[in-house]
Amino acid sequence: MFRFIFKLIRGLVIAAIGTALAAKFLLESNAEPTTEEIDLVAVFEGQNLISVADPFYGGKVMTMFGGVLLDLRKVTPAPTGIYIDVAIVMGGLQLIVPEGWRVKFEAKVLAGGFSDETRTTADDDVPTVTISGFMLLGGVMAATKPTVEVVA
């Protein structure tokens, strides 16, 4: 029984690494500081983006065996709110928002987690960042200050 489980886990890890390698060479990021709707890809690496977009709608963040720091403290949010669709496999996303913003987490999680370190007011009119998508063995942290300051 243990031999079967070990072979199954080994096969899944090999498949995940193969998928990540294919994604590394096939997918490209479309994320500049002024991009209104981002496509941010981080495979076997880290990506930092300090956005200054006006307006900022959100976009997609995919990370496999890597991490992303997305700083939204200088953006002007879109009137409809900010929507970020994540696909995180064995990686992470650190989302930095201004004080008072609300972060809603609606992603499906398998062996991962979400941490909200923001200071949200009770006001319903504050900008809202909605995170959806899925995470497998990964995590998302939303905060008002980065754990490490990025110099751009």
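Student: Let's start with Phe65: how accessible is Phe65, and what does that count as?

Tutor: Phe65 has 24% relative accessibility, so Phe65 counts as partly exposed. Keep in mind that this is a predicted model, where local features need pLDDT of at least 70, side-chain atom pairs count only at pLDDT 80 or more, and totals for chains, interfaces and linings use all residues. Residues are numbered from 1 along each chain as its sequence is written, and side-chain values use heavy atoms, with hydrogens and water left out.

Student: Where does Phe65 lie?

Tutor: Phe65 lies in the loop between strand 3 and strand 4. Strands (E, at least two residues) and helices (H or I, at least four) are DSSP runs, numbered from the N terminus.

Student: Which residue forms an aromatic pair with Phe65, and how do I read such a pair?

Tutor: A pair of aromatic rings is described by the distance of the centres and the angle of the planes. Rings of Phe, Tyr and Trp (its six-membered ring) pair if their centres lie within 6.5 Å; planes under 30 degrees apart count as stacked, over 60 as edge-to-face and the rest as tilted. Here Phe65 pairs with Phe44, and the two are stacked, at 5.2 Å centre to centre with 10 degrees between the planes. This pair links distant parts of the chain, 21 residues apart, with Phe44 in the loop between strand 1 and strand 2. Phe44 is partly exposed too, at a relative accessible area of 38%.

Student: How many aromatic pairs does the structure hold?

Tutor: Two. Phe105 and Phe114 form a stacked pair as well, 4.3 Å centre to centre and 10 degrees between the planes. Phe105 is partly exposed at 22%, and Phe114 is partly exposed at 29%.

Student: What about the backbone: how do I read phi and the peptide bonds?

Tutor: Most residues other than glycine have a negative phi, and most peptide bonds are trans. In this model, phi of Phe44 is near 55 degrees, a positive value, and phi of Phe65 is also positive, near 55 degrees. The peptide bond from Asp54 to Pro55 is cis, with omega near 0 degrees. You'll find Pro55 in the loop between strand 2 and strand 3.

Student: In what order do the strands of the open sheet run?

Tutor: Strands of a sheet pair through backbone hydrogen bonds, either parallel or antiparallel. Two strands pair if DSSP finds at least two bridges between them. In this case an open sheet of five strands has the order 2-4-6-11-9, with parallel pairing. Strand 2 and strand 9 (113–117) are the edges, each pairing on one side only. Within the sheet, strand 4 and strand 6 pair in the parallel sense over five bridges, and Leu69 stands opposite Gln94 in strand 6.

Student: How many bridges join strand 1 to strand 3?

Tutor: Seven, and the two strands run parallel. Val41 has Met62 in strand 3 as its bridge partner. Five of the seven residues of strand 1 are buried, so strand 1 is largely enclosed by the rest of the structure.

Student: Which residues have the most contacts inside the largest nonpolar core?

Tutor: A nonpolar core is a set of buried Ala, Val, Leu, Ile, Met, Phe, Trp, Tyr and Cys residues joined through side-chain atoms within 4.5 Å. The largest one has 27 residues, and those with the most contacts inside it are Leu70, Leu72, Ile84 and Val129. Its largest share, four residues, comes from strand 5. A second, separate core of eight residues includes Ala20, Ala23, Met62 and Met64.

Student: What is Leu70 in contact with?

Tutor: Contact means heavy atoms within 4.5 Å. Leaving aside neighbours within four places in sequence, Leu70 touches several residues, including Ile38, Leu49, Ile84 and Leu93.

Student: And Thr130: buried or exposed?

Tutor: Buried, at 8% relative accessibility. Thr130 lies in strand 10. Beyond its neighbours within four places in sequence, the contacts of Thr130 are Ile82, Tyr83, Ile84, Lys104 and Glu106.

How values were computed. Buried < 20%, exposed > 50% of the residue type's maximum accessible area, 1.4 Å probe, protein only.
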